[in-house]
Amino acid sequence: MDRILIEGGTPLHGTLAISGSKNAVLPLMVAGLLTDQPVILRGTPRLADTRTLASVLQELGAEVEEFGSGPGEGVRVHAHDLTSVRAPYELVSKMRASFWVLGPLLARARKAEVSLPGGCAIGTRPVDLYLTGLAKMGADIAVEGGYVIAAARDGLKGARLDLPFVSVGATHVLLMVATLAEGTTIITNAASEPEIVDVGRCLQALGAQIDGLGTRTIHISGVAQLGGADHTVSRDRIEAGAYALAVAASGGSVDLTGITGEELGALLPAMRLAGVQVEENTTHTQPALRVSGPDARPNATPVTTEPYPGFATDLQAPFMGLMCRANGVSRIRETIFENRFMHVQELARLGADISLEGDTAIVTGVDQLYGAPVMATDLRASVTLVIAGLAARGTTTINRVYHLDRGYERIEEKLSACGAKIWREKI
Ligand code: EPZ
């Protein structure tokens, strides 16, 4: 097992390239199961999560190959035959997105046996919306022995799917299934996250008929089969947000390349309120943002997580990492997941002053954080500890960094190149 050590207190300077989006590439790889033609995905990140998903797809009979290196790298998914419709517990329990194979298996093979999912322990994370939606499209569904057993002997039929609240995963799966269902499907209260739009565009390139991507209502006219596609994955707005917050917390000035201010969404005004400068920088060959940390402590800034275009839940913990040293009290409210505050007790080890009132963390900024041993509890909690560790005085040791490796490509390399004192140790 590895651990990461950080000697905090060094401002960051330089250029940092943002990788392809984890939360786009995972559903894109799953979408590769919808067709017997190759789906080529370019600009993909190399992460523990993409490797885990590749194993799931291979278990089902798909060929999954990484190709190239650097900016030209990617993944090719070719599911010419589905040799199994069973996604086993051992693989699916590692990562929630593996559960999403349920949709393509059902759409293409008309049956599926998929273990109930695992993933970050940030709430109960049920799958009722997926199952209700698929049942409305004509699937027979049972849950037996920890597996969802689904069958659609006569194929799936288009339906009106009114989701009671926004779910990214349910929207991904129902959208994928609807592309091959007979007739028209309308999804209301659909997720409009950029990752949904990315997947939808790739499905369109495969031949799917979809309208309304990026809005709350998506119309899909089913087609008999899909073809192949060559698709470039969007940049990771959540990774970009974490690095922007790392610069804000450490001070200095870093150009994040491959990302625009628009892609940072609701994080951008929140960072500006906090006193962080974020400007488009046109001197690079690709879009870039110059992030410059405030000279003094950041301003206390309240945020509330919401579905897109609101403040992303995946940036709640990293933003708290910045607010730990803010001047004043910040109220940070989490409305998407009921248990996404596990970073609070770890931040306290570094000297942060945070109390919880229901779904709200009350962060009273302190003048200084101090390095300490901490434990990464989930993916976004772990990057928060990196952000706080970079801002702290002394050495922070982050244990259980496998969480970090699920979602951040070469994190110590990227930050070291900007002057951070961060390194990995095998223990
Ligand atoms: C996706 O998870 C992301 N995962 C999460 O990122 C992200 O935090 C989340 O969307 C919200 O933006 C990937 O893209 C791989 P949801 P997902 O369904 O799809 C409840 C990260 O750190 N719900 O939008 O699982 C659910 O419990 C990860 O990269 C039901 O009740 O999230 C939650 O409270 C973590 N029933 C809310 O909806 C259902 O059937 C939103 O979850 C489905 C969801």
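The structure is a predicted model, so local features need pLDDT of at least 70 and side-chain atom pairs count only at pLDDT 80 or more, while totals for chains, interfaces and linings use all residues. Residues are numbered from 1 along each chain as its sequence is written, and side-chain values use heavy atoms, leaving out hydrogens and water.

Let's start with the ligand's surroundings. A shell of 22 residues surrounds the ligand, and the closest are Asp128, Ser167, Asp314, Ile336 and Arg380; a residue is near a molecule if one of its heavy atoms lies within 4 Å of it. By type, the shell splits into 11 nonpolar, four polar and seven charged residues (Asp, Glu, Lys and Arg count as charged; Ala, Val, Leu, Ile, Met, Phe, Trp, Tyr, Cys and Pro as nonpolar; the others, Gly among them, as polar). Helices H1 (22-31), H5 (128-136), H6 (168-179) and H13 (379-391) each supply at least two shell residues, and H5 gives the most, with three. Helices here are DSSP runs (H or I) of at least four residues and strands (E) of at least two, numbered from the N terminus. Because domain 1 (2-19 + 236-306 + 313-426) and domain 2 (22-220) both give residues to the shell, the ligand lies between them; the domain bounds come from an automatic or database domain assignment.

Zooming in, some polar contacts (pairs of N or O atoms within 3.5 Å) show up. A polar side-chain atom of Asp128 lies 2.7 Å from a ligand nitrogen. Ser167 places a polar side-chain atom 2.6 Å from a ligand oxygen, and a side-chain N or O atom of Arg380 is 2.6 Å from an oxygen of the ligand.

Now for the backbone. The peptide bond from Tyr308 to Pro309 is cis, with omega near 10°, and Pro309 sits in the loop between strand E18 (303-304) and helix H11 (316-323). Arg400, a residue other than glycine, has a positive phi near 60°; Arg400 lies in the loop between strand E23 (395-399) and helix H14 (402-407).

Methods. Polar contact = N/O pair within 3.5 Å; in protein donor to acceptor, adjacent residues only side chain to side chain.
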